[in-house]
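Colleague: I would like to learn how to read a sheet and a metal site in a model. Could we take one feature at a time?

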Amino acid sequence: MSAFSAIGEEQEHDRNEYTPGLEPQATWCPGCGDFGVLKALKGAAAELGLAPEEILVCTGIGCSGKLNSYFESYGFHTIHGRSLPVARAAKLANDGLTIVAAGGDGDGYGIGGNHFMHTARENHDMTYIVFNNEIFGLTKGQTSPTSPKGHKSKTQPHGSAKDPIRPLSMALNAGASYVARTAAVNPNQARDIIVEAIEHDGFSHIDFLTQCPTWNKDAKQYVPYIDINDSDDYEVDVTDRSTASQLMFETENALHEGTVLTGRYYVDNKRPSYQQEKKQIGELPEEPLAEKYFDDDYEWDRVYDTFLDKHK
Ligand SMILES: Cc1ncc(C[n+]2csc(CCOP(=O)(O)OP(=O)(O)O)c2C)c(N)n1
Ligand code: SF4
Ligand SMILES: [Mg+2]
């Protein structure tokens, strides 16, 4: 629970509380997988009993970057590939906040790849959701780092000559302490994974398969999918690093051969988070820095109410 909770310790929240009053209508295309992320995030926040003011959602640029426009909480729509450094700074200033960083495959695995690698390595306590639609959606379908080899787009009319990156393996090797893949076609699994990821102390990476029916007609490849944690064909010990590594490799190969594997791959509960380590060596005060500037008498208010008042 945040020290800044306006409501108190025990809270119950309805998923509808996370729908903003001013801009309830998402501008994503019909059938877009991004709706699945929003739905799963609302369900997870409600299940965890988090008040909107206890959550910060930092996003990058892209269709995915609109997530925090449609989710009622604190939000910071950053620049392309930069959701993670902003999220890190916010967590360092106020570790009572639940931090969700989010962006697209181009945003997080391309232009922001450096931040992804080092935020995982340093095990910053936050949940990072990457909307993986295997293209640049907002800018109309160009090839992205996760586009499969041979994928044709306006930027690669003869087909991409390059192998896509392996996001799960990348996260594991960089040092993420929680790694999972889910898909917009199953918001229930996605919700459960987001709940776990938020509860996890450390860097949680979720590669979230999101179909883009407008610019990536291969979207149908995301259905049906297999949950490795529920299937008899896979023996998964999420605490075993080498099993996780093998399964990730298999999953990343299978994706473009028509088999979509999802689930939790790796959970390391023993490794301290960046925040915990910094406190241990005395570089981070026990009391959040932000609390120094916190006004106890301030009544938390929805920003759009203020805007609406101004326009009366
Ligand atoms: C520094 C910078 N370079 C390029 C762009 C243009 N741009 C905006 S969104 C985008 C790609 C978004 O793709 P992705 O991150 O996969 O998100 P999606 O739209 O697919 O959700 C690009 C290249 C930008 N806004 N800033
Ligand atoms: S262009 Fe694709 S990713 Fe963007 S809103 Fe439309 S369907 Fe979704
Ligand atoms: Mg994309």
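Modeller: Begin with two strands: strand 1 (residues 55–59) and strand 3 (residues 98–104) run parallel and are joined by 5 bridges. Helices (H or I, at least four residues) and strands (E, at least two) are DSSP runs, numbered from the N terminus. Two strands pair if DSSP finds at least two bridges between them. This is a predicted model, in which local features need pLDDT of at least 70 and side-chain atom pairs count only at pLDDT 80 or more, while totals for chains, interfaces and linings use all residues. Residues are numbered from 1 along each chain as its sequence is written, chains are lettered from A and ligands numbered from 1 in the order in which they are written, and side-chain values use heavy atoms, leaving out hydrogens and water.

Colleague: Which residue stands opposite Cys 58 in strand 3?

Modeller: Strands of a sheet pair through backbone hydrogen bonds, either parallel or antiparallel. Here Cys 58 faces Ala 101, and Thr 59 has Ala 102 as its bridge partner. On strand 4, Ala 102 stands opposite Ile 129; strands 3 and 4 run parallel, with 5 bridges between them.

Colleague: Are the two faces of strand 3 covered or uncovered?

Modeller: In a regular strand the side chains alternate between the two faces of the sheet. In strand 3, Thr 98, Val 100, Ala 102 and Gly 104 lie on one side, Ile 99, Ala 101 and Gly 103 on the other, and all are buried (under 20% relative accessible area, with exposed over 50% and partly exposed in between; 1.4 Å probe, protein chains only).

Colleague: What is the order of the strands in the open sheet?

Modeller: The 8 strands follow 2-1-3-4-8-7-10-9, with mixed pairing. Strand 2 (74–77) and strand 9 (225–227) are at the edges with a single partner strand each, so one side of each has no neighbour in the sheet.

Colleague: Which residues coordinate the magnesium ion (ligand 3)?

Modeller: Look for donors, meaning N, O and S atoms within 2.8 Å of the metal (3.2 Å for Na, K and Ca); water is not among the atoms, so sites may look incomplete. The magnesium ion is coordinated by Asp 105 (OD), Asn 133 (OD1) and Ile 135 (O), at 2.1 to 2.2 Å. Asp 105 is in helix 3 (residues 105–111) and Asn 133 in the loop between strand 4 (126–132) and strand 5 (135–136), 28 residues apart, a pair that links distant parts of the chain. Both Asp 105 and Asn 133 are buried.
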